[in-house]
Amino acid sequence: MTTRPAACPPSIQPGDFRAGLARAREAVTQGRYGEARRILGLIEESAWNDVQRLRRLAEFHSHMNRPVEAERCCARAVELVPDDDRARYDLAAARRKAGIRA
């Protein structure tokens, strides 16, 4: 089973996924990568049971060169929808980029 991320603090509610992702994008655009990583970690909890959100997070992690975090999101998506070809493909690609052999 994939390790669940830490719970969101009260400052970021589960419904704030889009706002959090937008804040992370803004931080990256302005070169504040540490802040973007922190925000992504906070909103990941709200995505834990939503395949589409996990895919978006995995993509964002990948673009930030965070392959281990992308792999974690992809692995959780496969847990949620094990028969989904796209989820399995995304997991294989994330594992390859992270240097993880399955």
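Contact here means heavy atoms within 4.5 Å. This is a predicted model, in which local features need pLDDT of at least 70, side-chain atom pairs count only at pLDDT 80 or more, and totals for chains, interfaces and linings use all residues. Residues are numbered from 1 along each chain as its sequence is written, and side-chain values use heavy atoms, without hydrogens and water.

**Stop 1: Leu21.** Select Leu21. Leaving aside neighbours within four places in sequence, Leu21 touches Leu40, Ile43, Arg56, Leu57 and Phe60.

**Stop 2: the core.** Leu21, Leu40 and Leu57 have the most contacts inside the largest nonpolar core, a set of 25 residues. Such a core joins buried Ala, Val, Leu, Ile, Met, Phe, Trp, Tyr and Cys through side-chain atoms within 4.5 Å. Buried means under 20% relative accessible area, exposed over 50%, partly exposed in between (1.4 Å probe, protein chains only). Now colour α1, α2 (33-47), α3, α4 (67-80) and α5 (85-98): these elements each give two or more residues to the core. The largest share, six residues, comes from α4. Helices are DSSP runs (H or I, at least four residues), numbered from the N terminus.

**Stop 3: α1 against α3.** Show residues 17-29 and 51-63. Their axes come within 12 Å and cross at roughly 10°. Angles under 35 degrees count as roughly parallel, so α1 is roughly parallel to α3. Axes are lines fitted to C-alpha atoms over the stretch in contact, with angles from 0 to 180 degrees between N-to-C directions.

**Stop 4: Asn65.** Move to the loop between α3 and α4, where Asn65 lies. Its phi is near 60°, a positive value in a residue other than glycine. Asn65 is exposed, at 57% relative accessible area.

Technical notes:
Angles under 35 degrees count as roughly parallel, over 145 as roughly antiparallel, 65 to 115 as roughly perpendicular and the rest as oblique.
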